[in-house]
Amino acid sequence: MSSTSFKQVAGRQLRKKTSFKQSVNNSLTMAYRGVLKIRRTPEQLFDVTLQPIIFTLMFTYIFGGAISGNVQNYLPVIIPGILVQTVITTSIVTGVQLREDMDKGVFDRFKSLPIARIAPLAGALLADTIRYTIATVLTFAMGYIMGYRPEGGLGHVVLAALLVIVCAWAISWIFAFFGVIARTASSVQGISMIVLFPLTFLSNAFVPAETLPNWLQWFVKINPISHLVTAVRDLANSGTVGWDLTASLIGAAVIVAIFAPITVRAYMRRT
């Protein structure tokens, strides 16, 4: 190699920042890594495959007669509720697996690679949308087997499914933040359940809000999970779009606007 070539290489400035296109490509690659993890360890899907089936059967046959008189009348109420509860609960796994990868030193290895630093975090969030999709399809399929026939039509059912997946992805940013700041994976799961458990059960997912005590109805009616469940019911059962859908999308956007920056900032400090 000539001396001129050495001078050209020596004078070249290294880029300290990745372009937006490179960040997107790196994130998609990391998302593919998440898909490979699911394919090679299919037991990771036990929660999104068994939970919709078990919960749908259990809640429908236990509460159907008491709340709606029979199972068939209860299905339009419970299927959207089970769908929201299952998919939102699944988003906890994002923070748990993120914490496990950080504890195992996987992200230390990523730091040595010439990739965008945000890619491992963004890739994990993208890969988990597959889990939400599986849970959504299984819940609707289980309801159909049990006799649920959404009157809104297939198009509105697909819109309802997309709405739940988008909102679950937005909420996963909250649990990703817990995954970054928590010390252990078990603490991430514990904190997440403390936050999510009252939101899902103190909602209109399983019973009409009007049947609850007056002092509890006010919380149920302002609960964002209740708005999401109502939006899914309106789309699937009647094919209508109301304020609850708008409120759900606004809430998802607000969550991302708040938690995405602080999660990325905390992630950058930790890695």
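Buried means under 20% relative accessible area, exposed over 50%, and partly exposed in between, using a 1.4 Å probe and protein chains only. By that cut-off Arg-99 is buried, at 5% relative accessible area.

This is a predicted model, in which local features need pLDDT of at least 70, side-chain atom pairs count only at pLDDT 80 or more, and totals for chains, interfaces and linings use all residues. Residues are numbered from 1 along each chain as its sequence is written, and side-chain values use heavy atoms, with hydrogens and water left out.

**Figure 1. The whole protein, with 12 helices and zero strands.**
Helices (H or I, at least four residues) and strands (E, at least two) are DSSP runs, numbered from the N terminus. The elements run α-α-α-α-α-α-α-α-α-α-α-α from that end. Along the principal axes, the C-alpha atoms fill a box of roughly 90 × 35 × 35 Å. Of the 271 residues, 45% are buried. The accessible surface comes to about 14,200 Å², by the Shrake-Rupley method with a 1.4 Å probe; for residues, only the protein chains shown count as cover. Carbon and sulfur atoms hold 67% of that surface. Contact means heavy atoms within 4.5 Å. Among contacts between residues at least 6 apart in sequence, 78% join residues at least 24 apart.

In the model, residues 45-68 are 96% helix and 0% strand. The end C-alpha atoms of that stretch are 32 Å apart. Residues 157-181 are 100% helix and 0% strand, with end C-alpha atoms 37 Å apart.

**Figure 2. The salt bridge between Asp-103 and Arg-99.**
A salt bridge is a side-chain nitrogen of Lys or Arg within 4 Å of a carboxyl oxygen of Asp or Glu. The structure holds one. The closest N and O atoms of Asp-103 and Arg-99 are 3.1 Å apart. Both residues sit in helix 5 (residues 92-103); because they are four residues apart, about one helical turn separates them. How accessible is Asp-103? Asp-103 counts as partly exposed, at 43% relative accessibility. Arg-99, in contrast, is buried.

**Figure 3. Asp-244, a buried residue with no salt bridge.**
Asp-244 lies in helix 12 (residues 243-270). Lys and Arg count as positive and Asp and Glu as negative; His and the chain ends are not counted. Which side chain of opposite charge is nearest to Asp-244? Arg-233 is, at 9.4 Å. The side chain of Asp-244 does make a polar contact with the side chain of His-227, at 2.8 Å. A polar contact is a pair of N or O atoms within 3.5 Å; within protein, one must be able to donate a hydrogen and the other to accept it, and residues adjacent in sequence count only if both atoms are side-chain atoms. Not counting residues up to four places away in sequence, Asp-244 touches His-227, Thr-230, Ala-231 and Asp-234.

**Figure 4. Ala-252, also in helix 12.**
Ala-252 is buried, at 8% relative accessible area. Beyond its neighbours within four places in sequence, Ala-252 contacts Cys-167 and Ala-170. Ile-171 is 81 residues from Ala-252 in sequence, yet their C-alpha atoms are 7.1 Å apart.

**Figure 5. Ile-165 in helix 8 (residues 153-181).**
Ile-165 is buried, with a relative accessible area of 14%. Tyr-132, Thr-133 and Thr-136 are in contact with Ile-165, leaving aside neighbours within four places in sequence. Gln-85 is 80 residues away along the chain, with 12 Å between its C-alpha atom and that of Ile-165.

**Figure 6. Ser-203, in the loop between helix 9 (185-201) and helix 10.**
Is Ser-203 buried or exposed? At 1% relative accessibility, Ser-203 counts as buried. Its side chain reaches the backbone oxygen of Thr-200 at 2.6 Å. Leaving aside neighbours within four places in sequence, Ser-203 contacts Val-220, Asn-223, Ile-225 and Ser-226.

**Figure 7. Ile-222 in helix 10 (residues 214-222).**
Ile-222 is exposed, at 53% relative accessible area.
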